[in-house]
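Subject: Structure for you to look at

Hello,

Here is the structure we talked about. Please open it next to this message; my notes follow below.

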Amino acid sequence: MLFRLSGVTKTYGRITALRDLSVSAAPGAVGLLGPNGAGKTTLIRTLLGLIGFDSGTGEVLGLDIRTRRLDIRQRVGFMPEDECLFPGVPGVGFVSYAGELCGMAPADAMQRAHEVLNYVGLDEARYRRVESYSTGMKQRLKLAAAIVHDPKLLILDEPTNGMDPAGRQEMIELARDLSHGKGMSLIFSSHLLPDVEAVCDHLVVLGRGALLAQGGIQELKKAHPNSFDVRVKGEPEPFLARLRAAGADGEVRDDGLRVRLPDGATPDLIWRAAAALGEQVRHLRPHRSSLEDVFLEAVGD
Amino acid sequence: MPIFDQGYQHWAGTLAGHRWRWLAVSRHGVRTLRKSWVVRIMLFIAWLPALALVSVLTLWGLLEQQAATVVAFLQRIFPPEVIASPQEYRSAIWTVAYSYFFKAELFCALFLVLTVGPSLVSRDLRFNALPLYLSRPVRRIDYFVGKLGIIAYFLIATVIAPAVGAYLLGLAFSLDLGVVHDTHRLLWASLGYGAVIALSAGTLMLALSSLSRRSIYVGLAWAGFIFLGHMVSSILIGVQGDIDRREIVQTGIKQWVEKNPPPPGVEMYGPYPSFRNRGGPRGKPEQQTAEEKARERWMTAWSQAHGELQTQVEAHRAEQAPTDWRPLLSYATNLDRLGDWLLDTDSAWVLLGKTVERPRAMAGPLARTPGMPISTAPVNDRRLADRMAWQYPWYWSAGVLGVAWLLSVFVLTRRVKSLDRLK
């Protein structure tokens with residue numbers, strides 16, 4: 001088990017950040033979604049043992065959060081959302097220092113710093129002082145510092161924040177490579193649904209400190225066997241009226257029609273309606289929930 | 001695309017336990033600061049007093065072996081009984097030498113802390129580095145101790161290491177194992193005093209450093225706290241000393257002049273006679289007129305009375321010194337007072353004072369200069385100690401430093417928050 005929380009409640013004064021939260025995840029890439037104030041950062045800090053909680057139990061990588069905080073942090077790599085730097089050092093010094101703080105010997109940390117800086121694409125900027133790095137370089141630097149000690153679990157909090165499209169794509173590819181190519185478990189917290197979808201296999205959706213949805217992304221993006229997305233050459237309204245006359249239902253959407261067939265019907269009903277109306281079908285495919293649908297449905301849009 | 005791109009490789013090394021995690025913070029800070037040329041210059045300057053200490057201890061070792069050149073040189077400075085049996089004064093001389101060494105090093109240390117300390121926490125706050133520390137297996141106490149270790153490293157390098165090095169050199173030049181018996185206390189006192197300076201100054205600087213994100217303001221605050229405090233303390237001590245002197249000397253000499261009016265021809269400024277118009281070079285007593293003889297006698301008596309009043313001032317100061325609170329306003333003086341106590345400087349000065357005071361009392365009449373009164377001050381073995389060492393209770397300074405330390409820790413814990421309180 002990657003992590004498991006059971007009945008965890010965390011309050012800051014009158015504000016309840018986590019509300020009797022019970023959630024668990026198996027090793028792999030887990031996306032953490034939720035609107036602002038949903039409790040994502042509190043959940044991450046709870047998993048790292050950075051904050052105490054009022055009630056409940058939990059463990060990360062099989063280690064009790066309350067009693068093995070330092071051991072958890074030694075096995076976990078964390079890339080914080082905020083802009084934060086160890087000042088006055090070059091990139092390679094930054095990363096090797098991060099390794100030393102995790103318990104690496106100085107020589108090991110320095111060697112490993114060079115390796116991971118190569119990996120994240122900062123090899124040519126390694127001797128520049130970190131204060132002079134661009135936003136994208138700082139994000140990659142923080143990623144290098146998070147993986148320098150080869151953690152079992154990597155937690156990325158909004159890793160693509162402030163990055164240009166090319167940098168964002170690189171960051172996504174790095175995260176995907178680490179989780180799918182190198183066997184490192186990942187918790188990926190982001191507001192950007194395409195990023196989560198590109199990297200993660202599992203999803204945890206939080207809202208107001210409670211668990212709203214959880215599961216494999218492919219399972220959550222379930223197919224709807226009687227529902228189809230259809231586009232036609234002409235006006236959609238007459239075609240929808242023809243389908244309704246044939247027993248189907250649906251609605252006009254921005255990019256076409258969503259048609260729900262009656263039980264037992266097949267897409268042949270759509271073809272026959274088009275033929276009867278002399279309409280040309282340009283697009284027909286079974287409807288699957290997008291991640292956005294899942295998210296909006298979970299948070300109650 | 002690099003020619004040799006090995007991608008991400010797993011690392012199979014071993015991670016250390018959590019007990020020495022603070023050492024990584026200290027090591028990184030020391031490594032970074034040692035690259036600064038300002039710090040290097042400060043370190044060089046801070047080692048100069050150590051050379052002086054080594055010179056003194058070495059000279060004393062050679063004196064104990066009665067090296068002719070050294071004896072010839074030192075007998076101009078020390079009384080004959082000291083030159084004759086330097087072993088008896090070994091402990092006192094070493095103590096006084098260490099005392100002066102630490103006074104100089106304290107000054108250097110406070111400047112060194114000003115050089116290395118201001119940015120230690122303030123820059124971390126400015127660049128928001130705390131989440132990077134605390135999200136790793138580093139506790140806040142590790143962070144504090146690690147940062148304190150940076151200051152301690154530089155203070156150990158400039159205070160403790162030279163003191164121990166000088167001690168070993170002194171041993172080497174004395175060629176007498178009895179030195180260890182006489183002076184080992186100095187070694188422990190040096191270690192203790194160095195630790196006190198590092199702990200107190202280090203924590204205070206870290207607390208100041210946590211109060212601002214700009215290290216320049218931290219440096220100014222430190223300079224203000226240390227140097228303005230010392231200035232205020234010195235001014236208050238000076239003003240009180242002047243008030244005491246005026247009360248005793250001016251009142252006393254005025255009363256004496258009223259009782260003993262000056263003979264004709266003595267020009268007076270208040271109760272003070274002018275020494276300018278004494279009629280040029282004085283002739284032999286038999287050639288002086290009666291008026292000149294009377295003026296001479298009166299002047300001698302006035303000088304004697306003035307000298308006695310000065311002795312009263314000195315006695316008054318010695319009486320007041322154990323309850324004088326003014327030195328407590330200076331942070332440096334508080335550290336100095338603890339140093340005096342740890343090194344037992346007072347006893348050393350008392351012993352050296354005896355070698356000066358007894359011969360003065362016995363040889364005073366022989367050393368009389370024409371026209372100047374013979375000092376009638378009683379033998380006071382503590383005269384030198386009262387002048388050279390702080391006399392107020394050491395635990396007052398310990399209390400002040402203790403309160404400053406507790407306040408520093410409080411400020412530090414409030415300013416360097418855990419992530420539980422960050423947002």
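Which residue is the bridge partner of Glu59(A) in strand 5 of chain A? The partner is Asp64(A). Bear in mind throughout that this is a predicted model.

Strands 1, 4 and 5

That pair belongs to an antiparallel arrangement in which strand 4 of chain A and strand 5 (residues 63-64) of chain A are joined by two bridges. The hairpin these strands form has two residues between them, and in this hairpin Leu61(A) takes a positive phi near 55°. Strand 4 (residues 55-60) of chain A also pairs with strand 1 (residues 3-12) of chain A, again antiparallel, through five bridges.

Helix 9

Helix 9 of chain A covers residues 236-245, and its buried residues are Phe239(A), Leu240(A) and Leu243(A). These three lie on the same side of helix 9 of chain A because they span an arc of only 100° around the axis. The other side of this helix carries exposed residues: Glu237(A), Pro238(A), Ala241(A) and Ala245(A). As for what covers the buried residues of helix 9, the list includes strand 11 (223-232), strand 12 (249-253), strand 13 (256-260) and helix 10 (268-277), from chain A as well. Just after helix 9 of chain A comes Gly247(A), with a positive phi of about 100°.

Chain A overall

Chain A has 301 residues, of which 45% are buried. Its secondary structure amounts to eleven helices and 14 strands. Along the principal axes, the C-alpha atoms of chain A fill a box of roughly 75 × 45 × 30 Å. Among contacts in chain A with a separation of 6 or more, 66% are between residues 24 or more positions apart.

Regards

Definitions and conventions: Residues numbered from 1 in each chain as written. Chains lettered and ligands numbered in written order. Predicted model: local features only at pLDDT ≥ 70, side-chain atom pairs only at ≥ 80, totals over all residues. Helix = DSSP H or I, 4+ residues; strand = E, 2+ residues; numbered from the N terminus. Buried ≥ 20, exposed ≤ 12 C-beta atoms within 10 Å, placed from the backbone. Contact = placed C-beta atoms within 7 Å. Arc of directions from axis to C-beta. Pairing = 2+ DSSP bridges.
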